[in-house]
Amino acid sequence: MPRCPGQDMRYWTPADIFDVNCPYCDYPIEFWRDEPFRLCRSCRKEVRNPRIDLGCAKWCKFGDQCLGRSAKEQFAAAPVIEKLMAQIESLAERDPEQYELMMEIVRIANLLLTSEGGDPCRVKTGALLTGAVRLQADPSKIARNMLEQTILDAEETEAIVQLVEQVLSDAPPVSLEASVIRDALILAQTDLQYEAEQQKLVTEGGKMIFHLRFTKKHK
């Protein structure tokens, strides 16, 4: 299916990924051109993107649908994410490194959601849970228990648990949402030492993110 050139990562260049020094502590923060803000890893303050560029989405009447960020979709995902984050808050203090990795998985999954598509609620929720439970002894059980404390019904809860299971298994992902989250997990953990690592990725957007990051790091 053809994609809008303004949001298609095949048309992006290394200039679309750049570092901005935090205005509060001077720590370098990596931004993509269409990210409105990020939390600084050093001082934890919210920093706006001074070079934000939403491309054609800022004037196109189909911008919300294209970006996967319509009001309806956000409304569906936000209450679930808020309730999950309330359960995960202790991770930030107990294991800040794993907390940062979890948030990076969520961030990259949101970027891939823009280019690849998929169900926004499942991608956002699945990415957050993947980061939170991936090191646990029984990740499926923990994910299910956490989801049961949200507003999701039993059918959607089970669908997201199965999504997390797909992402964390060794088998190739069988859904678009699982492919997006699996690539986000790989990219969040990749140190960009070898270009061959790109072969682990499934989505075109994931491969492009790797290429742009690799090019930026090694130029």
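## Basis of the description

Helices (H or I, at least four residues) and strands (E, at least two) are DSSP runs, numbered from the N terminus. The structure is a predicted model, in which local features need pLDDT of at least 70 and side-chain atom pairs count only at pLDDT 80 or more, while totals for chains, interfaces and linings use all residues. Residues are numbered from 1 along each chain as its sequence is written, and side-chain values use heavy atoms, with hydrogens and water left out.

## Helix 3 and the glycine after it

Helix 3 is followed by Gly 117, a residue with a positive phi near 85 degrees. The end C-alpha atoms of helix 3 are 30 Å apart, which agrees with the 30 Å that its 21 residues should span at 1.5 Å a residue, where the expected span is 1.5 Å times one less than the number of residues. Of these 21 residues, 17 are buried, so that helix 3 is mostly covered; buried means under 20% relative accessible area, exposed means over 50%, and partly exposed lies in between (1.4 Å probe, protein chains only).

A search of the whole structure finds zero disulfides, a disulfide being a pair of cysteine sulfur atoms within 2.5 Å. Cys 22 is accordingly in no disulfide, and the nearest cysteine sulfur, that of Cys 43, is 3.7 Å away. For Cys 40, the closest cysteine sulfur is in Cys 25 at 3.6 Å, which is too far for a bond. Cys 22 is buried, with a relative accessible area of 3%, and Cys 40 is also counted as buried, at 0%.

Asp 26 lies in the loop between strand 1 (17–21) and strand 2 (28–32). Its phi is near 70 degrees, a positive value in a residue other than glycine, and Asp 26 is exposed, with a relative accessible area of 53%.

## The second largest pocket

The second largest pocket holds about 490 Å³ of space. On a 1 Å grid over the protein atoms alone, a pocket is an open set of points where a 1.4 Å probe fits, with protein on both sides within 12 Å along at least five of seven lines, and lining residues have an atom within 4 Å of a point; grid points are joined across faces, edges and corners, and a volume is the space filled by probe spheres set on the points. Of the 20 lining residues, Asp 19, Glu 30, Arg 41, Glu 104 and Arg 213 are the closest to the centre of the second largest pocket. Two or more lining residues come from each of strand 1, strand 2, strand 3 (37–39), helix 3 (96–116), helix 7 (176–189) and helix 8 (204–218).

By class, the lining has eight nonpolar, two polar and 10 charged residues, with Ala, Val, Leu, Ile, Met, Phe, Trp, Tyr, Cys and Pro counted as nonpolar, Asp, Glu, Lys and Arg as charged, and the others, Gly among them, as polar.

## Helix 8 and Arg 213

Helix 8 has 15 residues and reaches 21 Å from its first C-alpha to its last, close to the 21 Å expected at 1.5 Å a residue. Its buried residues, among them Met 208, Phe 210 and Arg 213, pack against strand 1, strand 2, helix 3 and helix 7. Arg 213 has a relative accessible area of 10%; not counting residues up to four places away in sequence, Arg 213 touches Ile 17, Glu 30, Glu 104, Arg 107, Ile 108, Leu 187 and Leu 192, contact meaning heavy atoms within 4.5 Å.
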